[in-house]
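Hello,

Here is the structure we talked about. Please look through it, then read my notes below.

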Amino acid sequence: MEDDRREKTEQAQNTTADDRKRKEYYAVPEKEIHLQAFDPNTADSTVLLRLGLQPWQVRNIYKYRANGGVYTCPEDFAHLYGLTVKKYHELLPYIRISADYRQASKVYPTPHQVRTKSALFHLSTPDSTKSNTAIPYPQKLRQGQTIPLNMSDTITLRKVPGIGVHFARKIVRYRERLGGFVSNEQLLEIEDFPESALPYLTVRSDDDIHKMNINTATNEQLRRHPYINYMMARQICDYRRIHGKISDIDALRLLPTFKPTTIQKLKPYITY
C-alpha cells in the first residue's frame with residue numbers, strides 16, 4: 001500500500017516536471033517593438049529589427065540594397081517579401097525616404113516636360129482663349145504604336161496601356177540590372193507584369209547591351225545580375241581559380257547549378 005502511494009507521488013512529480021519543461025520549451029519571449037522614423041535605404045539591422053521585422057526580412061533588405069536596389073517611395077517598401085498589409089500600414093507613417101534617393105527625372109524634368117506643364121497651365125487659365133480642358137499626360141499609345149524598350153524613360157513607358165508608375169519603375173530597374181533587354185518577353189520575368197503591354201514595346205537588334213566580363217567580374221558583380229544567384233557566382237569564381245579563364249560559357253554546363261536555359265539567357269550579357 002505504501003509502495004503504491006510512493007509510486008503515485010513520483011508519477012505526479014514527474015508529470016509536473018514534464019509540464020513545466022513543456023511550458024518552458026514553448027514559451028516564446030515577446031519581442032519588444034519600437035516604432036520610429038526610418039529610411040529603408042540607410043537603416044541598419046538594429047533599427048529594422050526593433051521595428052518588428054523578421055531577421056530574414058532584414059537580410060533581404062540588405063541583399064536588395066547590395067544589388068543596387070533603391071527605395072524611391074514608401075510604396076516600394078511594400079514589396080518586401082513576407083511583409084503583410086497590416087505590418088506595412090503600421091510602418092507606413094514612419095517611412096522617410098531621403099531626397100537623395102528620389103528619381104532624378106522627377107527632380108530635374110526635361111525641357112519637353114517643362115513645356116508640357118507650362119502648356120497645361122495656360123490651357124487651364126480662365127483668361128486663355130483656348131480650351132479649358134487640360135490634356136492628360138502621358139497620353140496612352142494607340143494599337144499599332146510602339147516605343148523602344150531600351151531607350152524609354154519612366155515617363156515614356158507610362159504611355160503604354162497597362163503600365164503605370166509602379167511597372168515603369170520596375171522596368172527601368174530591371175533593365176539596369178540586366179544590362180538591357182534583348183527581348184520584350186523578358187518583361188514577363190517581372191512579377192505580375194501585364195502581358196498585354198508587350199506589343200507596344202520593341203527591342204532593336206542594334207540596341208546597346210551592357211555586357212559583363214565573366215573572367216574579371218568579382219563575386220559581388222556577378223551576383224548583381226538577375227540570372228546569376230549567390231551559388232552560381234561562387235561556382236564561376238571557383239571554376240576560374242581551378243581551370244583558368246573561361247573562353248566559352250557553355251563550359252559552365254558542367255556546373256550543377258547552370259541549366260541549359262540559364263546559360264542561353266546569359267549568353268547576350270557575357271563577354272570574355
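Helix H9 covers residues 165-178, 14 residues in total. From first C-alpha to last, H9 reaches 20 Å, close to the 20 Å expected at 1.5 Å a residue (1.5 Å times one less than the number of residues). Helices here are DSSP runs of H or I with at least four residues, numbered from the N terminus.

This is a predicted model: local features need pLDDT of at least 70, side-chain atom pairs count only at pLDDT 80 or more, and totals for chains, interfaces and linings use all residues. Residues are numbered from 1 along each chain as its sequence is written, and side-chain values use heavy atoms, without hydrogens and water.

Residues three or four places apart point the same way, because an α-helix has 3.6 residues a turn. Gly179 follows H9, with a positive phi near 105 degrees.

Now the pockets. A pocket is an open set of points on a 1 Å grid where a 1.4 Å probe fits, with protein on both sides within 12 Å along at least five of seven lines; lining residues have an atom within 4 Å of a point. The largest pocket holds about 1500 Å³. Its lining has 43 residues, with Tyr64, Gly69, Arg173, Tyr174 and Arg177 nearest the centre. H9 gives the most to that lining, 9 residues.

The second largest pocket holds about 240 Å³. H9 again supplies the largest share of the lining, 3 residues. Arg177, Leu178 and Gly179 are among the lining residues.

Best wishes

Notes
Helices (H or I, at least four residues) and strands (E, at least two) are DSSP runs, numbered from the N terminus. Grid points are joined across faces, edges and corners, and a volume is the space filled by probe spheres set on the points.
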